[in-house]
Amino acid sequence: MLLLERRQVDSRLMQYASPILALVLTLITGFLIFLGLDRDPVEGLRHFFITPISDAIGWAELGLKAAPLLLCAAGLTVCYRAKLWNIGAEGHFLMGAVGATIVALQIGESSGFWVLPLVLLAGIVFGALWSAIAAFLKTHFHCNEILTTIMLNYIALNLLLFCVHGPLKDPYGFSFPQSAMFGDSALLPMLIPGTRLHIGLLFAVLAAVAVGVLFARTFIGFQLKVLGEDEQAAQFAGFPRKRLIWFAFLVAGGLAGLAGASEVTGPIGQLVPQVSPGYGYTAIIVVFMGRMKAVGLILASALLALTFLGGEMMQIAMNLPKAMTGLFQGLLLFYLLACDAFIHYRVRLKHKPVAESRPASTPVATQES
């Protein structure tokens with residue numbers, strides 16, 4: 001009989017082996033899924049994981065997809081280290097895109113070095129203000145941040161749809177729900193000429209490194225970790241709980257807002273309803289798979305970005321639905337959470353108890369009188 005037994009000390013080996021094991025199990029399950037769909041599994045996995053990055057353009061597209069994931073994940077890491085389960089990166093991202101679009105359209109064709117920073121700053125501010133709603137509800141009304149941030153995601157999406165169908169709609173766009181194109185001064189410069197990769201990738205890498213330094217070298221990072229490990233200990237030490245919660249939410253919202261602003265000022269150049277294929281939700285997987293470490297976040301964001309490219313390639317090469325992207329991402333998260341259980345627990349074989357044999361009673365000899 002197999003039992004899960006609590007480890008006395010968490011397994012450091014499983015902490016780093018768990019993401020690799022989860023990826024292997026995802027590949028095995030994907031192999032079986034392709035068999036079930038009557039498709040060549042080797043060809044399917046090749047199209048999903050290898051073909052998208054078989055040339056320089058593919059690697060540039062990988063960086064393009066990884067940048068918003070990494071920015072959102074870096075912000076969520078600040079919340080999750082403090083055990084604040086912010087699920088609202090998608091909403092922060094969308095509102096950052098809306099805020100950047102509002103400023104970019106107001107500026108129009110104006111030129112100057114100040115245009116792009118102002119547009120990006122608007123995205124950061126809008127994303128931070130959107131996350132401030134959840135922070136306010138958490139600190140003043142003790143509302144569960146999981147519920148509030150999820151609901152705010154849908155509100156943000158409907159606000160974006162309202163904007164592209166209403167006040168931000170391009171009057172010369174033939175009634176398509178989209179904004180006008182941004183001016184050249186409001187667009188991010190390309191990182192590699194001839195590709196769509198822009199300097200937003202540098203923003204993302206710097207954000208991941210900054211978050212790593214925050215928790216490794218700063219006192220506020222230490223306070224956030226203590227708050228996450230033991231809230232009573234943080235209160236006893238005199239750490240400002242409400243200020244730390246606000247700080248974590250504002251950083252998460254600001255970085256996700258920057259990701260949204262980078263998306264509309266980068267490859268798209270305008271606001272459209274499909275500005276996000278789910279970057280904010282996928283960033284949650286990035287955080288846990290990257291173990292909330294800078295290097296881990298970078299590698300995990302690249303892997304999850306590959307799933308977006310692979311899903312698009314599956315549509316083209318094998319005529320499979322784009323939902324394959326969500327399927328592989330869901331499998332990866334499921335196996336990651338399952339494997340993470342073995343960080344704290346181990347499997348032990350329990351033997352069935354053997355029935356004890358009762359000793360035969362020894363007759364007492366009676367002495368004849």
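# Salt bridges, pockets and helix packing

The count comes to eight salt bridges, a salt bridge being a side-chain nitrogen of Lys or Arg within 4 Å of a carboxyl oxygen of Asp or Glu. This is a predicted model, in which local features need pLDDT of at least 70 and side-chain atom pairs count only at pLDDT 80 or more, while totals for chains, interfaces and linings use all residues. Residues are numbered from 1 along each chain as its sequence is written, and side-chain values use heavy atoms, with hydrogens and water left out.

- The side chains of glutamate 5 and arginine 346 meet in a salt bridge at 2.9 Å, N to O.
- Because glutamate 5 lies in strand S1 (residues 2-6) and arginine 346 in strand S2 (residues 345-349), the pair ties together parts that are 341 residues apart in sequence; strands (E, at least two residues) and helices (H or I, at least four) are DSSP runs numbered from the N terminus.

- The largest pocket has a volume of about 670 Å³, where a pocket is, on a 1 Å grid over the protein atoms alone, an open set of points where a 1.4 Å probe fits, with protein on both sides within 12 Å along at least five of seven lines.
- Of the 19 residues lining the largest pocket, Gln15, Lys83, Glu229, Arg291 and Met292 are the closest to its centre, and lining residues have an atom within 4 Å of a point.
- At least two lining residues of the largest pocket come from each of helix H1 (12-36), helix H3 (56-81), helix H8 (219-229), helix H11 (279-289) and helix H13 (323-344).
- The lining of the largest pocket has nine charged, seven nonpolar and three polar residues, with Ala, Val, Leu, Ile, Met, Phe, Trp, Tyr, Cys and Pro counted as nonpolar, Asp, Glu, Lys and Arg as charged, and the others, Gly among them, as polar.
- The second largest pocket holds about 280 Å³ of space, and its 14 lining residues include Pro19, Met289, Gly296, Leu299 and Ala300, which lie nearest its centre.
- The largest share of the lining of the second largest pocket, five residues, comes from H1, and by class this lining has ten nonpolar, two polar and two charged residues.

**Helix packing**

- H1 and H13 pack at an angle of about 140°, with their axes 8 Å apart, the angle running from 0 to 180 degrees between N-to-C directions of lines fitted to C-alpha atoms over the stretch in contact.
- That makes H1 oblique to H13, since angles under 35 degrees count as roughly parallel, over 145 as roughly antiparallel, 65 to 115 as roughly perpendicular and the rest as oblique.
- The contact of H1 with H13 has 18 nonpolar, five polar and one charged residues.

How values were computed:
Points joined across faces, edges and corners; volume = space filled by probe spheres on them.
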